[in-house]
Amino acid sequence: MIDIQGRTAFITGGANGIGLGIARRLAHAGAKLALVDIDEVALAKAKVELQDITQVETFILDVRDRDAFLSTADAVECTLGPVTLLFNNAGVAGGDSVMKINYELWDWYLGINLYGVINGLQTFLPRMVKNGEGGHIVNTSSGAGLVATGAGVLYTTSKFAVVGLSEELRLSSELKAAGIGVSVLCPARVATDIINRSLEATPKSGVKLPDEVEKKIAENVALAGQMLHQYGVSIDVVGDMVLNAIQENALYIITDCEAEELIKTRSKALLDALPN
Ligand SMILES: NC(=O)c1ccc[n+]([C@@H]2O[C@H](COP(=O)([O-])OP(=O)(O)OC[C@H]3O[C@@H](n4cnc5c(N)ncnc54)[C@H](O)[C@@H]3O)[C@@H](O)[C@H]2O)c1
């Protein structure tokens with residue numbers, strides 16, 4: 001079992017929500033923290049909350065920016081030592097109608113939700129293998145990365161890719177030899193403000209639909225945000241699950257049973273489609 005004490009964890013989207021829940025849990029387990037995010041105010045708040053428990057450094061980083069990723073990685077390792085726990089977690093949600101989607105929206109969603117993960121891996125994986133201290137990588141996907149749930153084409157595309165990437169990464173003999181485990185976090189509903197935060201940040205260039213349709217979309221989005229707080233598990237429960245999964249080197253971290261029936265239906269359809 002991997003010993004968390006004294007290791008350095010790099011958490012993208014670490015200022016709010018699930019990233020903060022993971023940070024809290026790791027802090028109590030004795031890890032040093034590098035929290036990175038684009039939300040400067042929330043980063044400062046997280047630092048104040050956690051700095052009495054462990055050493056915490058915060059960095060403003062847009063996960064789409066590869067050069068900044070590299071310089072942030074250097075700064076983190078200079079201050080906190082080699083990163084051996086990597087959390088590619090930053091992400092945005094949203095279920096835009098297929099009729100609204102344009103290239104800017106594809107680039108924005110995939111840039112954060114998929115390339116953010118890829119950029120984290122490209123930056124840290126070679127360092128983690130080289131420094132020989134083992135470690136663990138957790139990529140945040142979603143229940144929508146396991147089965148189509150109606151979460152939107154952009155979101156679902158990005159999250160399926162993160163599951164595939166993580167499953168393949170875990171097969172890597174180089175990672176196994178280096179003692180680096182891989183998990184993929186697939187929550188359905190966690191009580192965070194991701195819907196509002198994403199809505200505010202989403203490029204507004206999407207195709208304008210008739211007013212009635214736009215109104216319906218806005219109502220659905222508001223409802224989705226409310227449902228996260230009404231039915232979602234807490235970020236601290238997710239933090240506990242993530243820590244356990246790291247210690248057990250579990251591949252999937254599924255935080256609730258929301259997608260159970262859809263997963264069963266999909267799995268059956270796949271099996272039924274196999275030639276006899
Ligand atoms: N909350 C849920 O129900 C839920 C369900 C499934 C998957 N997820 C996934 O969990 C991850 C975390 O989501 P959350 O619910 O904690 O959301 P959140 O909005 O509470 O936290 C996400 C954090 O990522 C940051 N962020 C956004 N864009 C960024 C960028 N370009 N660069 C750096 N940081 C950026 C935000 O500022 C925020 O602090 C996401 O990948 C999300 O898709 C969440």
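In this predicted model, seven strands form an open sheet in the order S3-S2-S1-S4-S5-S6-S7, and their pairing is parallel. The edges of the sheet are formed by strand S3 (56-60) and strand S7 (252-254), each of which pairs on one side only. On average, neighbouring strands of the sheet are turned by 20° against each other, direction ignored.

Helix H1, which covers residues 17-28, packs on this sheet. Its contacts are with strand S1 (8-12), strand S2 (32-37), strand S4 (83-88) and strand S5 (135-140). The direction of H1 makes about 170° with that of S1.

Strand S4 has a partner on either side in the strand order, standing between S1 and S5. S1 and S4 run parallel and are joined by 4 bridges. In this pair, Phe10 stands opposite Leu86 in S4. The pairing of S4 with S5 is likewise parallel and also comprises 4 bridges; here Asn88 stands opposite Asn139 in S5. A residue is counted as buried if 20 or more other C-beta atoms lie within 10 Å of its own. By this criterion 6 of the 6 residues of S4 are buried, so the strand is largely enclosed by the rest of the structure.

At the other end of the strand order, strand S6 (residues 180-186) pairs with S7 in the parallel sense over 3 bridges. Leu185 stands opposite Ile253 in S7.

For the chain as a whole, the secondary structure comprises 11 helices and 7 strands. The C-alpha trace spans about 55 × 55 × 35 Å along its principal axes. The radius of gyration of the chain is 19 Å, which agrees with the value near 19 Å for a compact globule of 276 residues. Of these 276 residues, 40% count as buried. Among contacts in the chain with a separation of 6 or more, 75% are made by residues 24 or more positions apart.

Key. Residues are numbered from 1 along each chain as its sequence is written. This is a predicted model: local features need pLDDT of at least 70, side-chain atom pairs count only at pLDDT 80 or more; totals for chains, interfaces and linings use all residues. Two strands pair if DSSP finds at least two bridges between them. Helices (H or I, at least four residues) and strands (E, at least two) are DSSP runs, numbered from the N terminus. Axes are lines fitted to C-alpha atoms, for helices over the stretch in contact, and angles run from 0 to 180 degrees between N-to-C directions. Two residues are in contact if their C-beta atoms, placed from the backbone, lie within 7 Å. The radius of gyration is taken over C-alpha atoms; the globule rule is 2.2 Å times the number of residues to the power 0.38. A residue is buried if 20 or more other C-beta atoms lie within 10 Å of its own, exposed if 12 or fewer, and partly exposed in between; C-beta atoms are placed from the backbone.
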